[in-house]
Amino acid sequence: MALAATALTHLQLLEAESIHILREVASEFERPVMLYSIGKDSSVMLRLAQKAFFPAPIPFPLLHIDTGFKFREMIEFRDRMAAEVEAELLVWRNEPAIASGTNPIALDTKRCCGLLKTQALLDGLNHYGFDAAFGGARRDEEKSRAKERIYSFRDKAGQWDPKAQRPELWNLYNSRIHPGESIRVFPLSNWTEMDVWQYILQEDIPIVDLYFAKERPMYVREGALLPVEQSFVARLGEQRQMVLSRLRSLGCSPCTGAIRSDADTLPKIIEELLSFRSSERANRVIDHDQEGSMELKKHEGYF
Amino acid sequence: MPTSEFIPKLDVDTQLKEDSTFSLANFLANEHGRDLLRFATAGSVDDGKSTLIGRLLYDTQSVYEDQVHSITGKGTTGADSVDLALLTDGLRAEREQGITIDVAYRYFSTANRKFIIADTPGHEQYTRNMATGASTASLAIVLVDARKGVLTQSRRHACITALLGVRHIVVAVNKMDLVNYEKQAFSAIGADFTAFFDELGDMRPPHLYFVPVSALTGDNVVRPTAAMPWYEGPSLLELLESVPAAEAGVAHPFRFAVQRVLRPNQDFRGFSGQIAAGTIRPGDAIMVLPSRRINRVRSIVTFDGDLAQAQTPQSVTLTLTDELDISRGDLIVAPESPAITTRNFTASLVWMDEKPLDLARRYLLKHTSRTVQVQITDIRYRLDVETLKQDAVETLKFNDIGLVKIESVLPLSVDSYSTNRITGSFVLIDSVTNLTVAAGMIRSVGVETIAKATNVVTEADRRERWGHSGAHIHLFGPLHFADAVERTLFLRGAFLVRPEFPSEESIAVLTAGGALVLTHDTSEEKTVRFGSRQAVLSDVDDLLRFLETQAVIAGGNR
């Protein structure tokens, strides 16, 4: 007598799909890599990779694109997690640009991102010869992401062409590429921000402390909270104050605003999320530089 | 863009946040019972499709204030008002040109269910995009303009969704506000559509629903409306919440394509994959295709501990009781109803490449985790999706749908698409350009054999099932050698009989019935005799090679 089959929850279904994608890439590409950005989505992706290959180790390295402006806690967390899951951690920085003092105030955010993130990413992938790179992007994050395939084909320059995407049916992914071309893979495509938080709660996944509310030094500018991490962010006469706050998404410290919040536990974060009235990227300066800016960045090779 | 005159002003503050007393415990308990429904939407911008999806997202509080703010006063509905269609128009190029380029995916949840919408454009390249969106959908909404009735375009959409095996089709009759909410327009469309669906024959989806809505005013989209008292059915969202999610397949025969062999150390060998149908438990017998070897599940391994049972569509790792040579691309199935291993089958193709189908060349076919070379040997017909006529053609062009015969260089283990959407589907890839050029749905396998199978079981049927012809093999050698031979053939799925007191009659009856009859005399030297032929053996593999050369068993899968 067979046990009665029980309906799977939406998180189990999302997990099963993501694991299938991770295994497919690891089996069909010569040199895959997981872009590890240290944020909550990366944390979920990393756990899914552990699950996909258990009891074997994760069969590809992690790559962090370090702009030099990441929060100190992020870097500490990154090194700790890589050791904990016993994965090989690679870090790539656009050293010439960093040495020449590139920052979002000296340049504008668009050019700063172009050099420290997009260019660094392309150089890093190129340097190691990766033919597939996992990213934690989700389709619900932004309009142009909603049109992204799970396997996103990139030409030799790493560029995305939304008009020439390969059809993607059922769970059949086309991994064929010519030398120099690559595929960006998004195993979390169908997850929403809420799904990610619930999964973190359900699976007890470690995340960076910056997501939890606590008294932190901030510059308060027209209601916005700018974390005190890099001195050049401050304007003349601006004073730092301690504010009970947290970060909703993690980026570079000069371009990531904090929110006032007392959510210091996962349930409180979920509760707060349910009451949110703006999308999670609203605090990212970079997405708003111009109409359709994410789409343009993706054209240039961004994730 | 909507062209209607009346644009209601949306009150963002009250709509976006209807606060109530919040209990996280309740919320999470609800979450646990929440399932997932994937649906596709078909219809063009003129039908108000973007507005309908915008309405679903907006009225279920699935959009954020900054997203609403960013489109307020833009679009075609004037200052201060929100053109809901803009919530879903993705790319810069699309906004500039007022068109939709590609399938977009959207997400929203209600208390009971998470929804994934594959939003497919109605105009350009509709076939390719619709097929993509419908391939993973359990339900499709076909949008029809109440003023225009069933257009050829609506018929195309309905036909493609049906072809892709979508079981629930909802015809949403939109813009009811522009026909004064009258029943007449709605009923006429219902009658026309039902007639068209009946013409689909075998392809007719099992569940068909009609809902009158106005995406612009919100009537009957999320909440039932008082504007159409003659309609007693559910609102569109109520319907979306009530159809069964895709748990179908749990009761079907087990299917599991091996994606990866995990071998972290000498003590562990696991086979990873996603269950494509059925359930599995430790101790269950399984068959591995194409080798047809029988084995047993030892454990179901996951990061979260071994499972007592797993079901489709979970991703798991299986360990087996016998060490077998199993690799990526093999299909693990229920032994009592295995998939069919074949090199020839008939399939519906949706051609998706600018370059037409070339009958003279080979393509790569990706089916589950196996990629093989194939040739399209015949185009039976091209289907006219508006008239359902079957046209004789020389080739299939961009966006054409046709029925073709395919011959594969290596065997594939398949089901028909109507039985299983995972083991019955494939894509074709151009090995030169690397583009995905077609999507395929297997309709029938070894047509001739199957036609016969309805009455008389033939020698070929038996050979297909058991992997060998009926034959009598006599072995000389030590007893343990005979036992090893029996075990090996048994594991390959052979219909094997080792009679204790063989007689000529019984052997004749058994071999005529397709059995492999094994008899044995003890001796020092290992020898096999089959008919008048005889060979000296050093091991069991030698015997298998001998049987292959005698065409008793199929070669290549030892």
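How many salt bridges are there between domain 2 of chain B and domain 3 of chain B? The count is two, where a salt bridge is a side-chain nitrogen of Lys or Arg within 4 Å of a carboxyl oxygen of Asp or Glu; the points below place this count in its setting.

1. Basis of the note. This is a predicted model, in which local features need pLDDT of at least 70, side-chain atom pairs count only at pLDDT 80 or more, and totals for chains, interfaces and linings use all residues. Residues are numbered from 1 along each chain as its sequence is written, chains are lettered from A and ligands numbered from 1 in the order in which they are written, and side-chain values use heavy atoms, with hydrogens and water left out.

2. Domains of chain B. Chain B is divided into domain 1 (12-242), domain 2 (255-333), domain 3 (340-453) and domain 4 (459-549), with bounds that come from an automatic or database domain assignment. The C-alpha centres of domain 2 of chain B and domain 3 of chain B are 28 Å apart, and their contact (heavy atoms within 4.5 Å) takes 12 residues from domain 2 of chain B and 10 residues from domain 3 of chain B.

3. The interface of domains 2 and 3 of chain B. The size of an interface is often given as the accessible area lost when the parts come together. Domain 2 of chain B and domain 3 of chain B bury about 900 Å² between them, with 52% of it on carbon and sulfur atoms; buried area is the accessible area (1.4 Å probe) that two parts lose on being put together, summed over both. Across this interface the rule finds four residue pairs in polar contact, both residues at pLDDT 80 or more. A polar contact is a pair of N or O atoms within 3.5 Å; within protein, one must be able to donate a hydrogen and the other to accept it, and residues adjacent in sequence count only if both atoms are side-chain atoms. On the side of domain 2 of chain B that touches domain 3 of chain B, the elements that give two or more residues are strand 7 (255-257) and strand 9 (268-277) of chain B. Helices (H or I, at least four residues) and strands (E, at least two) are DSSP runs, numbered from the N terminus. The side chains of Arg255(B) and Asp415(B) meet in a salt bridge, at 2.7 Å from N to O.

4. A sheet in chain B. Six strands of chain B form an open sheet with mixed pairing, in the order 2-3-1-4-5-6, where two strands pair if DSSP finds at least two bridges between them. Strand 2 (104-109) and strand 6 (207-212) of chain B are the edge strands, each pairing on one side only. Neighbouring strands of this sheet are turned by 25° against each other on average, direction ignored. Strand 4 (residues 139-145) and strand 5 (residues 168-174) of chain B run parallel and are joined by seven bridges; Leu143(B) has Ala172(B) in strand 5 of chain B as its bridge partner.

5. Domains of chain A. The domain assignment of chain A gives domain 1 (11-204 + 292-300) and domain 2 (209-286), and 24 Å separate their centres, taken over C-alpha atoms. The contact takes 29 residues from domain 1 of chain A and 26 residues from domain 2 of chain A. The area buried between these domains of chain A is about 2600 Å², of which carbon and sulfur atoms give 68%. Phe69(A), Phe71(A) and Trp197(A) supply 28% of the area that domain 1 of chain A buries against domain 2 of chain A, more than any other three residues.

6. Salt bridges. The structure holds 44 salt bridges over all chains. Among them, Asp66(A) pairs with Arg93(A), with the closest N and O atoms 3.0 Å apart. Asp66(A) lies in the loop between strand 2 (62-65) and helix 3 of chain A and Arg93(A) in the loop between strand 3 (89-92) and helix 4 (95-99) of chain A, so this pair ties together parts that are 27 residues apart in sequence.

7. Backbone points to check. Most residues other than glycine have a negative phi, and most peptide bonds are trans. The peptide bond from Phe54(A) to Pro55(A) is cis, with omega near 5°, and Pro55(A) lies in the loop between helix 2 (40-53) and strand 2 of chain A. Lys175(B), although not a glycine, has a positive phi of about 65°.

Definitions and conventions: Axes are lines fitted to C-alpha atoms, for helices over the stretch in contact, and angles run from 0 to 180 degrees between N-to-C directions.
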